[in-house]
Amino acid sequence: MSDIFGSDRPTTPPPTPNRGRRVLVPTLVTVALLLFIGSIFTSIYTDRLWFKSVGYGEVFRTVLLTRVGLFLGLGLLFAGFVVLNVWLAHRFRPENPPARRDDPAFRYRQALSPILRPVLIVMGLVLTAFAGSVAAGQWQTFQLWRAGGSFGITDAHFNKDVGFYVFDYPWLRFLTSFSFTLLIITILVVAFVHYVFGGLRMVGRGPRLSRAAQVQVALLVGVAVLIRAFSYYLDRYGMAVGNSALFDGIGFTDANARIPGRNILVVVAILCALLFFAMVVLRSWVLPGIGLGMLLLTSILIGGIWPYAMQSFQVRPSEPDKEGEYIARNIEATRDAYDVADSEVREYTASTELTPQELSESAESRVSSRLLDPTLISDAFQQLQQVRGYYTVPDTLDVDRYVLEGSDLPQDVIIAAREVDLDGLQEGQRNWANDHTVYTHGYGVIAARGNQRGSQGEPVWVQRDIPPVGEIETDIPPRIYFGENSPTYSIVGRPDGAEPIEVDIPRGGSTTASDEEPAEDEGTDGEAQATQNTYDGEGGVPVGNFFHKALYAVKFAEPNIVLSSRVNENSKILYDREPRERVQKVAPWLTVDGDVYPAVVDGRVVWIVDGYTTSNSYPYSEHRSLQTATADTLTQGTAQAALPTDEINYMRNSVKAVVDAYDGSVKLYEWDTEDPLLKAWMKVFPGVVEDKDEIGESLMSHLRYPVDLFKVQRDVLARYHVTDAQTFYEDGERWRVPGDPTQGSDSNVLQPPYYLSMSRPGQEDPAFSLTSVFLPNSRQNLASFVSVNSESSSEDYGKMQILQLPSDTQVPGPSQIANSFQTDRGVTQALLQFEQSEQARILRGNLLTLPVGGALLYVQPVYIQRTASEGTFPVLQFVAVTFGEDVGFGPTLEEALNVALGLQPGQVPADTGDDPGDGADTGGDAPAKTTAEWLAEASAAYNAAQDALNAGDLAGYQRQIEAMNAAIVGAQDSLGQTPPADDTADEPAE
């Protein structure tokens, strides 16, 4: 067009596309995809290196190949089936579909037609990823289906071996759900494609399908209904492992209504599917529609109304009689599944006919009561044996047993590993080099006799100091590179000829291991106070080459792994160091016990871990939540790991695992040789689990009955100690685990089981046992005492004994006994000075229950802890005991027993009615010190001892500790004397 002068008007050029945006978006997508793929590659490849380093490469390959195979096989099958049907729907679309612009299908068709192939590709990838991920998560179910065998036990209703329910049923159920989901998604997508491309039109009073659409949809729906028929068939077996309000497993209504109803539904569903297939010939939706309506109506009438009516009008009015047979099956199966069927039940009157002298002798000879409370003495271990601030012990210690001097029988020992604690370093020491290359390991174990106290209430050590001194010998330096408190990762190893840099043995006084001077290193603070070492164990992943450095720099998001000169050609990286984590990783089919404990086996420090095989498909067995059944005081904090929330109804301690604290090696030993689940997994991973015969004598002496299995079993026994169906239904004999009396009256946290050595009725010598008690469901008195032999080398190992008290007796329970201890006159008088003192507090230890002489003995240690300054720890000062109504209190178990039995008077001041501190002159030349003055003197001596320890003056530290102990003796003695009667002594001692 020209302007008025005849020249062409300038035209505005069309906007050029934003090339930067067109390039940026694909670039960002590509980068994001590369990062995603790179993270997956890094995770898989570093896992491969880790498994190779611990010698379990076959586990990694088997799991990886199984997961990848299921991902590709079922994922591609899922996506391929959907895409194929979409292609068929598009291929047989009408040639000239309606093209009205107001038709939504027309707009969809216009949008999809140019990009149909990319859409199919993307949809196929998404479906493959979705379905493949779901399938890969079922790798354990698949492997058990392949390797599973027989249990040798048949269920009472279908006469099917239990192996069918545990191994076959879960995989068949998964395949059924997977296939049905596949068909539903396919039908929906195919219907949409037919709608878009004209094969399905909404006209008149309903949809109209083309011939091709009719055939395709009818066949797909027919196959889906066939799969539903198979699902109805499996539902019958599912009732044997299902949950109900009264009990788990098949009940009267299931057997007489629901299972026959499922049989009818199977037949109706097959007929309905045949009618859909006949649609291909009949070309009418009438018969398939009728069949589908019949299936729906039948499922409502037979699957819902019939069972409801039978339960309401036939079963509920006479439920005990109708369900009796099925309750008996549930009881038998539950007791078998949790391995409590052979529990010995004894009637126990909890009364004795022995004289006090005979009872005292019986208690002293039959009770090796563990006085030290593992939950309270951690501070004592920490303060007396920490040695340096960068070492630590757990908040709750472990109980093991060792043959010690003075006895041929194993003795209870409280033990802890001295691990490295990076939080104990000063702020100026915290940097990457120190955290990951210098402070790499702990050193040695600390152990004390469980049933003894020192003269001042301190632990009696059987293993202490660095280097170790005591009765537990180690063949190699007991360095702890793998433990419960190890750093996330450490990089160890030095170039040939280079000086070591890892802090090893603290120097100063008797802790010096050698005269070798430490290497000077700028990255180490305080190197003059410790010798250095270089790790030479087999464990760890080599990171000497750049590729491995780069992988772990990405894995831990730490560039120093690539940049630091401390990562050299001989370097290894240690990670995944927690023993439970290592066992769980090399044996992912195990559930790992929450209580891992250290032991010295054949001169090496190792961690012992119990592994369980579990199932939720054992027929008729009652389901339990692992987390709920194992929760107690110890799992509330960090003392013991909580188990997952898995619902299970079968459990076996099938594997004992050992993790070496120095090189991190993991060994799995077969323990339950009869467990079919373990046998199946040993087929899947041949050679991974060693035979039980390979367990050495030294290791065998430290294996024990696992605490989490015992917790689950006591949770089951709370109701399933009853074996009579009628009594079970009435539920009047249900028991419960008591709350922990040490946590206060308002706490509802359960009392944990206790390891201790004791003699059970019918047993002469004390044996290491795991014990607990039960209360009646709605009362506080004792219902029973349960224990299990925990001596792994004993023929009676794992034998559970229940001492059942008569229901008409009123034997006090733990909370009532705790109340008696706190309100007893002698006890309150003995503790009055500590109650009133602002410099001390009273801590009551675990309340132990023991059967002795036909009666029940309660024992509770009492600790005193100063509150005046930091660095204090509880000291075992008293023991409280009771037989029946009589309470004894004294500095030792023997004295407390004699007081309780009336064999000697209590060593506490009589209640004169005067205020504490009032009294006559002691007759000495100088006024006697009050308890508060003695405690102040002890506090000052302790502070001086800490200063000496920090300065490396161990001789001064020892002198001050002795002075502190003498002051504590004076405080004890002052409880039995009165201050001088002058004008300044009328006030109570603080």
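Helices (H or I, at least four residues) and strands (E, at least two) are DSSP runs, numbered from the N terminus. Val 281 lies in helix α8. The model is a predicted one, in which local features need pLDDT of at least 70 and side-chain atom pairs count only at pLDDT 80 or more, while totals for chains, interfaces and linings use all residues. Residues are numbered from 1 along each chain as its sequence is written, and side-chain values use heavy atoms, with hydrogens and water left out.

The chain contains 27 helices and 36 strands. Of its 990 residues, 53% are buried, where buried means under 20% relative accessible area, exposed over 50%, and partly exposed in between (1.4 Å probe, protein chains only). The accessible surface (Shrake-Rupley method, 1.4 Å probe; for residues, only the protein chains shown count as cover) comes to about 44,500 Å², and 53% of this belongs to carbon and sulfur atoms. Among contacts (heavy atoms within 4.5 Å) with a separation of 6 or more, 70% are between residues 24 or more positions apart.

A nonpolar core is a set of buried Ala, Val, Leu, Ile, Met, Phe, Trp, Tyr and Cys residues joined through side-chain atoms within 4.5 Å. The largest such core holds 249 residues, of which Tyr 56, Phe 381, Trp 589, Leu 668, Phe 685, Leu 831 and Val 881 touch the most other members. Helix α6 (residues 162–196) gives the most to this core, with 16 residues. Another core, of 13 residues, lies apart from it and includes Tyr 391, Tyr 439, Val 503 and Ala 530. When neighbours within four places in sequence are left aside, Trp 589 contacts Gln 140, Tyr 612, Thr 613, Val 655, Leu 678, Trp 681, Phe 685 and Val 689.

Helix α16 (residues 579–586) is largely enclosed by the rest of the structure, because 6 of its 8 residues are buried. These are Pro 579, Arg 580, Arg 582, Val 583, Lys 585 and Val 586. The N-terminal end of α16 is capped by Glu 578, with a side-chain oxygen 3.0 Å from the backbone nitrogen of Arg 580.

Helices α8 (252–282) and α9 (286–315) each give two or more residues to the patch, and α9 gives the most, with 4 residues. Val 281 is exposed, with a relative accessible area of 67%.

Definitions and conventions: Polar contact = N/O pair within 3.5 Å; in protein donor to acceptor, adjacent residues only side chain to side chain.
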